[in-house]
Amino acid sequence: MSEITKNLSAKKQDVAESSRSLFVKPNYESNRVDDEWQISVSMPGVKREHLSVSLEKDELTLVGRRSDAVPEGWRPLYEARVRADYRLRLQLNFDADPEGITAQLEDGVVTLRVPESEAAKPRKIEVK
Amino acid sequence: MKLIRYNDPLSTQLRTFENWYTPSLSRAFGSFDRFFDLAQGLATGNDLGDQSGIAADLYEDDDNYYARIEMPGVKKQEVEVSLDESLLTIGYQRKSDEHADQGLSGHRSLTVPEGVDAEKVSAKLEDGVLTVTLPKAEQVKPRQIKVK
C-alpha cells in the first residue's frame, strides 16, 4: 500500500510540473556497449521534428510530441491507447559527454547513444 | 467462453494514474489477456477496466472502420495483416537478429465489426503506428433515404 501511495504521489507531482500538457513515460531499454550507453525508447506516433533531447547536468530529458492525431470524422468504437505525449527523464550516474550524444528516431523508436566523457573513462595506470 | 475480469476497487481508483504508461515493445503483442478483453469489450460494449495499457483503437466513419495499433520498432516489410471473418490479426516477423531480445515474432488479434469488404483492406505503418483501413461493405453503409 505504501508503495502504491508513493508511486501515486510521484506521478501527481510529475503531472503538476508540466503546465502545458500531460505526459506518459515511454518504455525504454538501456545497454552499455563499449564506452557508451545505448538507450532505446519506444515512442510510437512521434516524428523526428517533434522529438527533443536535452541534457542538463546529469539529467537527460526526452520529450516526444505525438503527431498521430485522430482524423476528423473518425468516430471511436473502442479507444484504449494512451495518446498523451511522451516524456522520459533519466538521471545519468556517469559523466556523459554532451557533445557526443546522438539520437536517432526510426519507426517510433528513439535510439540514443550517450558516450562517457573522457574524464570518466577508466584510466590505465602504468606501473613503473 | 466468457471471461470476466475481477475489478479490484482500489485499483479502479488508481486507474487514472496507472494509465500513464504505455506497453513495452514485447508486451504490445501476444497478450491473450488483452485479446480477450478486446473481444469481450466489443461484444458487450462494457468498460473493460483494463489497466495494463491496451495499444489498439478502433474507429469508424461512414465508409470505413479503422484499427490503430502501436508497433514501435517494427518495419513495414515485417508486418502481416489478415482478416478472418471479423477477426483481424496483425503479426510481425523480425527479419534481422538485431532485435532478437525483443522477440522475433508476435501477433495480436482484435475483433472488428462484421460487414467488411475483405478484398479492400489496406494497412499503413507510420512512425511505429499501424493503421488498418477496413472498408465497409456496401450493404452496411448508411443510406440516405429520399423522402418523396
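Select B:Asp61 and show its side chain, which reaches the backbone nitrogen of B:Asp63 at 3.0 Å. The cut-off for such a polar contact is a pair of N or O atoms within 3.5 Å; within protein, one atom must be able to donate a hydrogen and the other to accept it, and residues adjacent in sequence count only if both atoms are side-chain atoms.

The model is predicted: local features need pLDDT of at least 70, side-chain atom pairs count only at pLDDT 80 or more, and totals for chains, interfaces and linings use all residues. Residues are numbered from 1 along each chain as its sequence is written, chains are lettered from A and ligands numbered from 1 in the order in which they are written, and side-chain values use heavy atoms, leaving out hydrogens and water.

**Around B:Asp61**

Stay on B:Asp61 and colour by secondary structure. B:Asp61 sits in the loop between strand S1 (56–60) and strand S2 (64–70) of chain B. Helices (H or I, at least four residues) and strands (E, at least two) are DSSP runs, numbered from the N terminus.

Which residues does B:Asp61 touch, not counting those up to four places away in sequence? They are A:Gly73, A:Trp74 and A:Arg75 in chain A, and B:Tyr66 and B:Lys136 in chain B. Contact here means heavy atoms within 4.5 Å.

B:Asp61 is buried but has no salt bridge, and the nearest side chain of opposite charge, B:Lys136, is 5.8 Å away. Buried means under 20% relative accessible area, exposed over 50%, and partly exposed in between (1.4 Å probe, protein chains only). A salt bridge needs a side-chain nitrogen of Lys or Arg within 4 Å of a carboxyl oxygen of Asp or Glu. For charge, Lys and Arg count as positive and Asp and Glu as negative, while His and the chain ends are not counted.

**Along strand S2**

Move to B:Tyr65, in strand S2 of chain B. B:Tyr65 is buried, at 8% relative accessible area. Its contacts, leaving aside residues up to four places away in sequence, include A:Leu77, B:Tyr59, B:Pro113, B:Val132 and B:Lys136.

**Salt bridges**

Over all chains, the structure holds 16 salt bridges. Select A:Arg75 and B:Asp62, whose closest N and O atoms are 3.5 Å apart in a salt bridge. This pair joins two chains, because A:Arg75 lies in strand S6 (residues 75–79) of chain A and B:Asp62 in the loop between S1 and S2 of chain B. A:Arg75 is partly exposed, at 38% relative accessible area, and B:Asp62 is also partly exposed, at 42%.

Next, select B:Lys75 and A:Asp107, which form a salt bridge at 2.7 Å, N to O. B:Lys75 is in the loop between S2 and strand S3 (79–84) of chain B and A:Asp107 in the loop between strand S8 (102–106) and strand S9 (109–115) of chain A, so this pair joins two chains.

Within chain B, B:Lys120 and B:Asp117 meet in a salt bridge at 3.4 Å, N to O. B:Lys120 is exposed, with 55% relative accessible area, whereas B:Asp117 is partly exposed, with 22%. Then select A:Arg66, A:Asp68, A:Arg81, B:Asp57 and B:Glu70 together, as salt bridges with shared partners join them into one network.

**Aromatic pairs**

How many aromatic pairs are there over all chains? There are three. Rings of Phe, Tyr and Trp (its six-membered ring) pair if their centres lie within 6.5 Å; planes under 30 degrees apart count as stacked, over 60 as edge-to-face and the rest as tilted.

Select A:Trp37 and A:Phe94, a stacked pair at 6.2 Å centre to centre, with 20° between the planes. A:Trp37 is in strand S3 (residues 36–42) of chain A and A:Phe94 in the loop between strand S7 (85–91) and S8, 57 residues apart. A:Trp37 is partly exposed, at 25% relative accessible area, while A:Phe94 is buried, at 16%.

Now select A:Trp74 and B:Tyr59, a tilted pair at 5.4 Å centre to centre, with 50° between the planes. The pair joins two chains, because A:Trp74 lies in the loop between strand S5 (59–66) and S6 of chain A and B:Tyr59 in strand S1 of chain B. Both are buried: A:Trp74 has 14% relative accessibility and B:Tyr59 0%.

**Chain A as a whole**

Finally, select chain A, which has one helix and nine strands. Of its 128 residues, 36% are buried.
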